[in-house]
Amino acid sequence: MQRRDFLKASIAASAAIIGTSASAGVTTQPIDNREVSKIAFPEKKPLITYSDRPPLLESPRSVFTQAITPNDEFFVRWHLPEIPTHIDPNTYTIKIDGLVNQELNITLNDLKNNFEQVEVVAVLQCGGNSRSAFNPTPGGVQWGSGAMGCAKWKGVRLSDLLNQAGLKKEAHWIGFNGQDTAAYYETPNFVRELEIEELDDHVIVAYEMNGEDLPYLNGYPLRLVIPGYYSDSWVKMLSHITVTDKYKSLFFMDIAYRVPNNETESETPEEKFPTTKPITVMNVKSVIGYPLNGTTVYLNSHVVIRGVAFDDGHGIKDVLISVDDGQTWEKAELDNKAGRYAFKTFRFAYKPSTYGKINIMAKAVNRLGKEQPFAKDVLWNHGGYKYNGIDVVQIHVI
Amino acid sequence: MIQKITLITTLAVSALFAQVKDDIAVPYIPYEIKMGKGFDAVQANCLMCHSFGYIINQGPQSKEFWVKKTEKMVVHFKAPISQEDQDKINDYLYKYYGNGELK
């Protein structure tokens, strides 16, 4: 018996003797009010900092009163430790090769001058956002609710680039690779592959975020923008697009960012579902930006509850607010100018009329009628993906 | 005439300016990690690729979780960690960042 096998066997044996508590996964509110770091990262305000290498930064809840998340407060998530710390915009090129009629090396200048320039306001959210809500704790960064943001992205359509290169008829998969690298040569790159059918004209290669160059930590000078999709496919520092006919086996595609392949996308910690599927499009979600947990307000004072809501682009129809633990709900005012992929801001005038602790809840409903479940009704999955429970903040009325 | 030519030349080679001058520097954050038996193996192997922050922010986890995590680093990320060091790392992580459950 190999040593490792022995270890596994002994773990199994001990578990049998002790008897594991056969509980299903439990879901609660994600961890909130983590403190921002004292140390600011390049082009960023100090944010909640889980790791410096690779950088993992979360936006504090208070950011989510705004329709657009400022660049310096936008969350950061890299997978590989080595990020280029210098990029020369005059020599940077993006290469398109594989099953194309003509290989292309496009400079930033070409992109900005020789293609139609397009803009989209879209939410970027990590698939593991709010992971700390799940128990037992799934592996991965224990995000609160701030691994998300909304920006106006400017760039060119991916389809225009691919048309210029000319796709061969066998073309089926498009692979995207960025400039980040690992410490060891053998470590797989963070390559993503998407099927051509998944890509529409809303997918862009963006060089601008909220009217400025992309911050380095958000993928300067170019990143993929796939409105409606979780951010795992929004490759940063995009430098290489490869067109293929067959899907390549990739760690970040086959193992990470996947949920159980069943209707409820759920499983129990004891009995993991045997097959998985990619997380792809975002579900309906809202986050309260104000008040914060622990905010103290006076009785009969005028409180404006604010937050943001979004889905995968079907559009938010309503955001409902409850101040009586979910017994009754009232509609919040919505910003009706927001695009379908953008944060829709909501506000709700609230005058607290009882003393003590009050739970404020927000629940978004989209145009398909899909609505957020209570946190306790969000079903567990081993990766801690796609949490979208009704957000709750507790305030003190004095 | 000379001025005009100069102007055209300037336009033709007009550079793109990054909003950041020079190189960026990602700051080092001194994450406080617990000292104990096996820490040397953690320092020697894990830090090659990621910060201590990435470890301690996984939340308290079972022995099996840490064993699989280390295995993932070796199998998928190709980290050259010996079996001996893997065992030391797993014992350390379970002792200091464990949840008391084997599985």
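Ala, Val, Leu, Ile, Met, Phe, Trp, Tyr, Cys and Pro count as nonpolar, Asp, Glu, Lys and Arg as charged, and the others, Gly among them, as polar. With these classes, the lining of the second largest pocket has twelve nonpolar, seven polar and eight charged residues. The structure described here is a predicted model.

## Pocket and cavities

The second largest pocket holds about 610 Å³ of space. Its lining is made of 27 residues, and those nearest the centre are A:Glu265, A:Asn283, A:Lys370, A:Lys386 and A:Asn388.

Rolling a probe the size of a water molecule over the atoms shows where empty space is left. In the whole structure, two cavities of 30 Å³ or more are found. The largest cavity has a volume of about 180 Å³. It is lined by 18 residues, and A:Arg77, A:His79, A:Arg223, A:Ser231 and A:Lys236 are the closest to its centre. By class, the lining of the largest cavity consists of ten nonpolar, three polar and five charged residues.

## Salt bridges

Over all chains, the structure contains 20 salt bridges.

| Pair | N to O distance |
|---|---|
| A:Lys45 and A:Glu73 | 3.8 Å |
| A:Lys95 and A:Glu103 | 3.6 Å |
| A:Asp232 and A:Arg192 | 2.6 Å |

The side chains of A:Lys45 and A:Glu73 form the salt bridge at 3.8 Å. This pair links distant parts of the chain, 28 residues apart: A:Lys45 is in the loop between β1 (26–27) and β2 (48–52) of chain A, and A:Glu73 is in the loop between β3 (55–58) and β4 of chain A. The two partners fall into separate accessibility classes. A:Lys45 has a relative accessible area of 40% and is partly exposed. A:Glu73 has a relative accessibility of 14%, so it counts as buried, the limit being under 20%.

In the salt bridge with A:Glu103, the closest N and O atoms of the pair are 3.6 Å apart.

A:Asp232 is buried, with a relative accessible area of 5%. A:Arg192 is buried as well, with a relative accessible area of 4%.

Salt bridges can also share residues. A:Asp32, A:Arg61 and A:Asp391 are linked in a network of salt bridges.

## A buried proline in chain A

A:Pro84 is placed in the loop between β4 (76–77) and β5 (93–98) of chain A. Is A:Pro84 buried or exposed? Its relative accessibility is 18%, and the limit for a buried residue is under 20%, so A:Pro84 counts as buried. Leaving out residues up to four places away in sequence, A:Pro84 touches A:Gln179, A:Asp180, A:Tyr216 and A:Met237. A:Ala332 is 248 residues from A:Pro84 along the chain, and the C-alpha atoms of the two are separated by 44 Å.

## Chain B

Chain B has five helices and zero strands. From the N terminus on, its elements run α-α-α-α-α. Of the 103 residues in chain B, 41% are buried. Among its contacts between residues at least 6 apart in sequence, 67% join residues at least 24 apart.

Helix α5 of chain B covers residues 83–97 and has 15 residues. From its first C-alpha to its last it reaches 20 Å, close to the 21 Å expected at 1.5 Å a residue. The buried residues of this helix are B:Asp85, B:Gln86, B:Asp87, B:Ile89, B:Asn90, B:Tyr92, B:Leu93 and B:Tyr97.

B:Tyr92 is also a contact of B:Phe39. B:Phe39 lies in helix α2 (residues 39–45) of chain B and is buried, with a relative accessible area of 7%. The C-alpha atoms of B:Phe39 and B:Tyr92 are 6.6 Å apart in space, and the two residues are 53 residues apart in sequence. Not counting residues up to four places away in sequence, B:Phe39 touches B:Ile33, B:Lys34, B:Phe52 and B:Tyr92.

Terms used
Residues numbered from 1 in each chain as written. Chains lettered and ligands numbered in written order. Predicted model: local features only at pLDDT ≥ 70, side-chain atom pairs only at ≥ 80, totals over all residues. Heavy atoms only, no water. Helix = DSSP H or I, 4+ residues; strand = E, 2+ residues; numbered from the N terminus. Buried < 20%, exposed > 50% of the residue type's maximum accessible area, 1.4 Å probe, protein only. Contact = heavy atoms within 4.5 Å. Salt bridge = Lys/Arg side-chain N within 4 Å of Asp/Glu carboxyl O. 1 Å grid on protein atoms, 1.4 Å probe; cavity = no way out; pocket = protein on both sides within 12 Å on 5 of 7 lines; lining within 4 Å. Points joined across faces, edges and corners; volume = space filled by probe spheres on them. Expected span 1.5 Å × (residues − 1).
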